[in-house]
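Here is a short report on one protein chain. Look over the sequence and the structure first, then read on.

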Amino acid sequence: MWRIVRRIITSSSCYQKAIDYAHAKNVVVCACAGNGHYKVDENGHFILDEQENIIIEDVNVTNYPAAYNYVISVANVDEDSKRAFDSTYNNFVDLSAPGERIYSCVINDYENKRGTSMATPMVSAAAAILRSMYPDTTADEIEEILLKTATDLGNPGRDDETGHGLLNIGLAVQTLKARRLSKVYPQKAAATAVDYQGIKIAWDAIDWAERYVVLRSTSANGEYTKIKSIQAVDWDTYTSSFGRYRFTDKELVTGTIYYYKIRAVCVYQDDFKYSQFCPVISAKCTLDAPTGLTLTPTTGKMKASWAKVNGAEGYQVWRADTKDGTYKRIHTLTSGATVSYEDTTVTAGKTYYYKVRAYRKPNGTAVFSGYSAIVGKKAK
């Protein structure tokens, strides 16, 4: 919660107790530093100084509740980021915000208004934005961020006229994002092979992340290289359901285990801030095992046929005399397009059992699929 409070002149322990109670309930309290009074004569006319400038009274004074503990005291600055001529200044001023020529609602209309009462709602709104981003953010952290990220005005450091500086909502938002990201990492990350040269990476979204970076290695503890940067708003391309990102890493080497780690990113000024990496995930691209194995016996022959395996560069045909016996490789096909073989070494009346597996040689060394289901038939 947040509050905008106009000024009163004198301190009261009752007010401080009320603010202490609000602070204990995690309420951010913002108050106007106050505006000086125009000096007028008994007829209500402005009194001018020797240079014919309007004289402003009660500018360097302490006003309440802005001067209470746990209150953000807000001053007014003009278009040149200078303290407005009638903005109260004292050692309780915390922050400045624009307060000149601010459109404000009135009954059935709007008006141009000015003063610390116009500046304070901007600070209150900034506090509300931070609270809405992460509801668990405390009142103390919100105040600390707003003061820390303010744009310094005048001499370096805090001063009585503009406090810690001009409200910088953008940097405040970036700072809170960066702090929260530094404590988390993408959850439920998983890697799954989708074919002989592709692995699907998936993970859950992180609140307020602006993009995700995927890194890859061929060793769990090896050097990781960034392979993909994904904007967090790119739902159509990288998610198939709300809150879950999916990306397929393609053109991989069959048989190689790939390791991945993912982290979230947000912009921070001219650089970036990062979440922690998720635990390392891994997967290996494999060939599918052949399916649809059938045997067709003819005189002196047994023809084995199966479905083509995507990515296969060849097949091995294995045979045994019993289903659970010892299988020997009887032939190697060197074309992935050839999906049958005629065994001419069979004996009529004898039952033979066959299984087939696919292979490819991505780096000159064969990488095999699993075996097909075993099929047996009596020869003719």
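How many positive and how many negative side chains does the chain have, and how far apart do the centres of the two sets lie?

## Charge

The model is a predicted one. Its chain carries 46 positive side chains and 42 negative ones. The centres of these two sets are 23 Å apart.

## Overall form

Five helices and 25 strands make up the secondary structure elements of the chain. The radius of gyration is 37 Å, while the globule rule gives 21 Å for 380 residues, so the chain is more spread out than a compact globule. Along the principal axes, the C-alpha atoms fill a box of roughly 130 × 45 × 40 Å.

## Contacts and surface

Take the contacts in the chain with a separation of 6 or more: 62% of them link residues 24 or more positions apart. Of the 380 residues, 42% are buried. The chain exposes about 20300 Å². Carbon and sulfur atoms supply 48% of that area.

## A closer look at Asp249

Asp249 sits in strand β14, which covers residues 244-249. Is Asp249 buried or exposed? Its relative accessibility is 6%, so Asp249 counts as buried; the cut-off for buried is under 20%.

Which residues does Asp249 touch, leaving aside those up to four places away in sequence? They are Gln197, Gly198, Ile199, Arg216, Ile227 and Tyr260. With Tyr260 there is also a side-chain link: a polar contact of 2.7 Å joins the side chains of Asp249 and Tyr260.

Note on methods. Residues are numbered from 1 along each chain as its sequence is written. This is a predicted model: local features need pLDDT of at least 70, side-chain atom pairs count only at pLDDT 80 or more; totals for chains, interfaces and linings use all residues. Side-chain values use heavy atoms; hydrogens and water are left out. Helices (H or I, at least four residues) and strands (E, at least two) are DSSP runs, numbered from the N terminus. The radius of gyration is taken over C-alpha atoms; the globule rule is 2.2 Å times the number of residues to the power 0.38. Buried means under 20% relative accessible area, exposed over 50%, partly exposed in between (1.4 Å probe, protein chains only). Contact means heavy atoms within 4.5 Å. Accessible areas come from the Shrake-Rupley method with a 1.4 Å probe; for residues, only the protein chains shown count as cover. Lys and Arg count as positive and Asp and Glu as negative; His and the chain ends are not counted. The place of a charge is taken as NZ of Lys, CZ of Arg, CG of Asp or CD of Glu. A polar contact is a pair of N or O atoms within 3.5 Å; within protein, one must be able to donate a hydrogen and the other to accept it, and residues adjacent in sequence count only if both atoms are side-chain atoms.
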